[in-house]
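Welcome! Here is a short tour for someone meeting this structure for the first time. Have a look at the sequence and the fold, then read on.

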Amino acid sequence: MSTYNTFLHGGDYNPEQWLHSPEILEKDIEYMKMANINEVTLGVFAWSVLEPEDEVYNFDWMEQIINRLHENNIKVMLATPSAARPKWLADKYEEVLRVESNRQRNLFGGRHNHCYTSPQYRRKVRDINVRLSKKFGNHPAVIAWHISNELSGECHCPLCQEAFRNWLKDKYKTIDALNEAWATTFWSHVYNDFSQVESPSTIGESGLHGLNLDWKRFVTDQTVDFVKAEKEAILEGGSNLPMIINMMYDYGGLNYFKFKDVVDIASWDSYPRWHKEDVAEIAVDTAMQHDFIRSLFKKPFLLMESCPSATNWQSVSKLKRPGLLLASSLQAVAHGSDSVQYFQIRQSRGSSEKFHGAVIDHYGKPDTRVFKEVTEIGSSLQQIEEICGSNTVSKVAIIFDLESRWAMEDAQGPRNKGLYYRETVMKIYKGLRKLGLNVDVINSEQSINEYDIVYVPMLYMFRDGFEQKARSYVEQGGNLVLSYWSGIVNETDLCYLGGTPYGLMDVFGLRSTEIDGLDDGEYNHGVSTENTIWNPSKIYTCEHLCDLVHITTATPILVYNEDFYKGYPVLTANSFGKGNAYYICADFEQEFYDDFCEYLVKKHNVPVEFSNIPKGIQVNTRETEDDVYVFIQNFNKEAVEMNLPLDNYSVLYGEKNQRIGSLETIVLKRKK
């Protein structure tokens with residue numbers, strides 16, 4: 001949102017809960033200004049107040065609020081109210097309520113309990129969106145549209161069944177093509193007509209992996225189509241402001257990449273388990289999600305929600321210790337966010353989130369510890385304002401593909417409990433982040449040509465011609481790292497014939513022959529060969545999955561040390577065209593990835609900002625045409641001596657010295 005030349009600082013505000021107390025609403029604006037809050041998100045769950053009865057609209061209260069905010073230089077992201085429907089709507093049109101996979105329709109309640117297919121629901125959403133757009137879409141305070149809220153869930157009603165069948169007809173054209181793609185002859189589950197197809201069900205069909213996979217794709221496409229319909233209603237109302245959806249942490253229900261053509265800015269809601277686990281570990285995990293969201297568009301994103309204090313819906317509601325709110329907020333900025341926003345501005349008095357942290361709590365005054373920390377964040381964002389809108393440049397990428405994950409976790413083998421896919425991605429990410437590298441976290445549909453090194457862990461499914469893209473990348477001089485359990489199936493989860501990794505056996509100079517699933521607590525080890533490329537005395541532990549490969553042109557770097565496949569390669573390298581192809585055969589420990597990532601980065605001359613970054617220190621860069629901004633953050637419990645070459649940098653934020661305190665942030669600046 002760099003068009004505003006300032007970081008957005010604010011979050012979800014629900015004045016409809018306080019219309020009976022106008023003095024509180026006036027105090028809220030006073031407190032927002034004290035806390036350096038310059039933006040709020042309005043109307044997320046306000047439908048029942050905006051439209052208390054069918055076609056009876058009441059926008060006056062919102063107009064008054066927006067006008068008052070504008071008078072005080074506070075911008076507004078205006079939400080469409082579709083994330084929670086009024087009771088009268090559910091009573092009047094039963095079809096708007098979801099049906100579960102057991103074919104039972106829900107009662108009214110909850111949040112996302114509506115059918116994205118329902119014509120009546122879409123009609124009512126369109127009507128109120130058009131009216132909101134006409135009324136507020138060109139108001140000088142309104143800067144963007146927040147469509148719905150944390151889109152999630154699925155519906156199995158008759159309307160969705162018919163929509164799914166039409167989706168399948170568009171994809172496969174004939175029922176014979178569908179049967180072939182899903183391998184329905186297994187267990188004699190052949191369909192004679194599209195009308196026979198039902199969505200996966202706990203009381204019906206759940207063993208056709210192609211069906212399960214296509215249903216998940218349909219759910220994404222139907223949700224995207226719903227967002228598209230909301231967007232069209234806003235445009236019909238005359239507003240052309242940017243549109244966003246707020247995504248969620250590691251959410252497996254939707255392929256977020258598919259929303260890239262219907263929203264303008266990526267954003268997400270960040271609620272890590274701070275202080276419940278090691279803060280430095282949680283910081284790395286959160287960093288990867290920041291980078292995943294940023295990499296969807298490869299431009300600045302928005303931190304749409306974060307908690308100023310303790311969440312109320314986690315198993316234990318732990319407070320953020322002093323300094324963590326500032327550190328975690330600046331971490332988002334370091335990874336490319338142009339905002340720090342909270343849920344919520346004022347704490348609700350009742351219902352399910354009355355004890356969720358807020359900028360203004362039930363006490364209702366600005367002399368709380370949390371309010372003071374929020375105020376400090378607003379001040380800090382002003383100090384580094386020149387960074388807003390700057391880019392994040394990454395020379396390395398990791399492919400983290402949800403559709404492949406869907407298929408892999410449904411595949412029934414080689415491990416049905418614990419494939420450790422995300423954990424494997426995280427180990428590579430940690431290895432790169434320890435070097436202070438920016439990392440793009442992309443899916444298999446995105447371009448890879450701009451990267452010096454691309455890591456492809458456990459890409460079980462090759463789709464959309466990925467093998468050709470990978471081949472071309474290596475041929476032209478790229479460095480590709482592929483792991484075990486990759487290139488096994490096509491886009492409908494049918495196993496490739498003729499050898500794997502499919503289409504890349506010559507690129508990697510090997511063929512996967514078998515894969516061994518290890519029991520929990522069972523290990524093998526990788527040891528060096530005469531071709532070792534780093535410390536020959538190192539022995540690396542591996543577990544869970546061990547790929548057995550037959551080498552043609554590849555060079556073994558490490559080999560297994562135990563079991564009947566002792567001496568088989570467990571890490572290989574192969575030259576192909578102008579580039580290099582590396583193959584990791586087993587689920588290695590973190591130390592392997594630390595050493596291997598460092599080796600590859602040095603070998604292939606990937607530039608790093610600093611060397612020898614201490615443990616628990618995160619380094620990120622953002623840049624403009626002329627300047628590079630370096631964020632250094634300490635997520636350790638104790639202060640750390642850095643010994644980094646800082647002489648060529650000026651200080652934009654914090655103090656430049658060789659000792660950085662716990663949860664401290666330093667922002668440096670240098671000319672390119």
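**A first look around**

Ile282 counts as buried, because its relative accessibility is 8%. Please keep in mind that this is a predicted model.

**Ile282 and its surroundings**

- Ile282 is part of helix α9, which covers residues 279–297.
- Once neighbours within four places in sequence are set aside, Ile282 is in contact with Pro272, Arg273, Trp274 and Glu277.
- Pro272 is ten residues away from Ile282 in sequence, and their C-alpha atoms are 6.9 Å apart in space.

**Where α13 meets α16**

- Helix α13 spans residues 421–433 and helix α16 spans residues 590–603; the two pack at an angle of about 50°, and their axes are 8 Å apart.
- An angle between 35 and 65 degrees falls in the oblique class, and α13 and α16 are therefore oblique to each other.
- The handedness of the crossing between α13 and α16 is right-handed.
- On the α13 side, the residues that take part are Thr424, Lys427, Ile428, Lys430, Gly431 and Leu432, and they meet Gln590, Tyr593, Asp594, Cys597 and Val601 of α16.
- Sorted by class, this contact of α13 with α16 has five nonpolar, three polar and three charged residues.

**Where α3 meets α5**

- Helices α3 and α5 pack at an angle of about 40°, with 12 Å between their axes.
- This pair, α3 and α5, is therefore oblique as well.
- The crossing of α3 and α5 is right-handed.
- Met62, Glu63 and Ile66 of α3 meet Leu132, Lys135 and Phe136 of α5.
- By class, the contact of α3 with α5 has four nonpolar and two charged residues, and no polar ones.

**Salt bridges**

- Side chains of opposite charge can pair when their charged atoms come close.
- How many salt bridges does a search of the whole structure find? The search finds 50 of them.
- One of these pairs is Arg68 with Glu26, whose side chains meet at 2.7 Å, N to O.
- Lys538 forms a salt bridge with Asp595, with 2.6 Å between the closest N and O atoms. Lys538 sits in the loop between β14 (523–528) and β15 (540–551), while Asp595 belongs to helix α16, so this pair ties together parts that are 57 residues apart in sequence.
- Arg659 lies in strand β24 (residues 659–660) and Glu641 in strand β22 (residues 640–641), so the parts tied together here are 18 residues apart in sequence.
- Arg659 is partly exposed, with a relative accessible area of 47%, and Glu641 counts as partly exposed at 44% relative accessibility.
- Through shared partners, salt bridges join Lys171, Asp214, Arg217, Lys258, Asp401, Glu403, Glu445, Arg463 and Asp464 into one network.

**A covered helix**

- Helix α10 (residues 324–334) is mostly covered, with eleven of its eleven residues buried.
- Among the buried residues of α10 are Leu324, Ser328, Gln331 and Ala334.
- Just after α10 comes Gly336, which takes a positive phi of about 120°.

**An exposed loop position**

- Glu94 is found in the loop between α4 (87–92) and α5 (119–136).
- Glu94 is exposed, because its relative accessible area is 54%.
- Glu94 and Thr624 are 530 residues apart along the chain, and 53 Å separates their C-alpha atoms.

Methods:
Residues are numbered from 1 along each chain as its sequence is written. This is a predicted model: local features need pLDDT of at least 70, side-chain atom pairs count only at pLDDT 80 or more; totals for chains, interfaces and linings use all residues. Side-chain values use heavy atoms; hydrogens and water are left out. Axes are lines fitted to C-alpha atoms, for helices over the stretch in contact, and angles run from 0 to 180 degrees between N-to-C directions. Helices (H or I, at least four residues) and strands (E, at least two) are DSSP runs, numbered from the N terminus. Angles under 35 degrees count as roughly parallel, over 145 as roughly antiparallel, 65 to 115 as roughly perpendicular and the rest as oblique. A crossing is left-handed if the near helix is turned anticlockwise from the far one by less than a right angle, and right-handed if clockwise. Contact means heavy atoms within 4.5 Å. Ala, Val, Leu, Ile, Met, Phe, Trp, Tyr, Cys and Pro count as nonpolar, Asp, Glu, Lys and Arg as charged, and the others, Gly among them, as polar. Buried means under 20% relative accessible area, exposed over 50%, partly exposed in between (1.4 Å probe, protein chains only). A salt bridge is a side-chain nitrogen of Lys or Arg within 4 Å of a carboxyl oxygen of Asp or Glu.
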